[in-house]
Every structure is written in C-alpha cells, then in structure tokens.
Amino acid sequence: MKDTDKDFLEETFRKEVLKSMDDKLSEKEKKELMEEANVSLKFLDKINEVELPKDNYVIFTDGKEQLIYENGEFYVVSSTSTLKQKKKKTKKEATDMYLDYFIKYQLNPILDSRKAKQRTIEEKAKNKANKTKQIQKVAEDKKIKKEKVIEKEDLTR
C-alpha cells in the first residue's frame with residue numbers, strides 16, 4: 001500500500017474518531033482512543049508483508065458474497081447461488097473489500113459496545129440523581145408534616 005493511501009486512510013480514520021468523540025471526553029480518554037486507532041491502523045503495513053499462500057481459500061463471507069483467493073487471483077462469488085459467475089478482483093479491490101468487512105464486523109461492534117457502556121453509565125448516574133431527589137423530597141415532606149403537626153399542637157394549647 002502506498003504511503004499516500006495509508007496517510008489518507010489514517011487521516012480519515014482519525015477524523016471519524018474525532019467526530020464521534022464527545023466534548024465530554026477527557027484528554028486522557030481522547031489520547032487512549034487515538035492510540036487505539038493508531039494501533040488499529042498499523043495492520044495496513046502488515047498487509048503488504050503477508051505472503052499469499054499457494055492454496056485456495058475463502059478470505060471472508062459477508063452476507064451473500066464471499067471473497068476467495070484461488071490460483072493467485074482474488075474473486076467474489078455468491079455464497080447462496082452456484083449459478084452466478086465469480087467476478088475477478090484486483091489485490092487493491094480485495095484489500096479494500098476486506099478493510100470494509102473488518103471495519104463493519106470488527107471495529108464497529110467495538111465502538112457500539114463502548115457507546116452502550118457509556119449510555120449505561122449515564123443512565124446509572126441519572127437514576128442515582130433521581131433517587132437522591134426523591135429522598136430529598138420525602139425528607140422535605142416529612143419536615144413539612146412535622147411542622148404542621150407542631151403548629152396544630154401550638155394552636156390547641
């Protein structure tokens with residue numbers, strides 16, 4: 001992969017991470033996310049280092065299609081119909097397809113789980129705040145009732 005392609009992908013990924021980050025994140029959390037993104041992008045360098053085996057194999061299956069490696073070439077075939085012909089793909093196209101697959105089925109679930117975890121934390125904090133308000137309200141109601149009882153006792157004397 002060319003350095004310009006890698007830089008473009010890295011910058012695009014960085015922009016997406018920054019766009020998805022909320023201003024509520026601390027600098028430490030932002031730094032951790034950026035480090036994680038950089039580690040995730042380092043696999044792009046590894047792609048060029050991988051020697052392709054001579055054997056035929058399925059790279060991935062995504063829904064109704066499979067990306068396969070066969071006799072030194074990449075093909076997309078239907079995983080649901082044997083009547084459809086296989087379509088030849090270049091190494092770059094196959095790499096792009098795999099990156100899309102990796103982002104969709106590996107990275108996005110990680111980001112979604114983080115968002116869900118953050119929502120759970122926020123809901124717990126909100127519930128705790130609501131319980132605190134309810135306790136305060138009950139305490140105020142009891143105080144008001146006591147004051148009314150005291151006032152009634154004073155009036156009856």
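Predicted model: local features only at pLDDT ≥ 70, side-chain atom pairs only at ≥ 80, totals over all residues.
Residues are numbered from 1 along each chain as its sequence is written, and side-chain values use heavy atoms, with hydrogens and water left out.

**Strands 3 and 4.** I checked strand 3 (residues 73-78) and found that it pairs with strand 4 in the antiparallel sense over three bridges. Tyr75 has Lys88 in strand 4 as its bridge partner.

**Ser78.** I placed Ser78 in strand 3. Ser78 counts as buried at 16% relative accessibility (buried is under 20% relative accessible area, exposed over 50%, partly exposed in between, with a 1.4 Å probe and protein chains only). Its side chain reaches the backbone nitrogen of Thr80 at 3.2 Å, and a polar atom of that side chain lies 3.0 Å from the backbone nitrogen of Ser81. Leaving aside neighbours within four places in sequence, I found Ser78 in contact (heavy atoms within 4.5 Å) with Lys64 and Lys84.

**Whole chain.** I listed four helices and four strands, running α-α-α-β-β-β-β-α from the N terminus; helices (H or I, at least four residues) and strands (E, at least two) are DSSP runs. Of the 157 residues, 15% count as buried.

**Aromatic rings.** I looked up ring pairs and got six; rings of Phe, Tyr and Trp (its six-membered ring) pair if their centres lie within 6.5 Å, with planes under 30 degrees apart counted as stacked, over 60 as edge-to-face and the rest as tilted. Phe60 and Tyr98 form a tilted pair, 6.1 Å centre to centre with 50 degrees between the planes. Phe60 lies in strand 1 and Tyr98 in helix 4 (residues 91-156), so this pair ties together parts 38 residues apart in sequence. Phe60 is buried at 6% relative accessibility, whereas Tyr98 is partly exposed at 32%. Tyr98 and Tyr101 also form a tilted pair, because their ring centres are 6.0 Å apart and their planes at 35 degrees. I noted a cluster of Phe60, Tyr98, Tyr101, Phe102 and Tyr105 linked by ring pairs.

Terms used:
Pairing = 2+ DSSP bridges. Polar contact = N/O pair within 3.5 Å; in protein donor to acceptor, adjacent residues only side chain to side chain.
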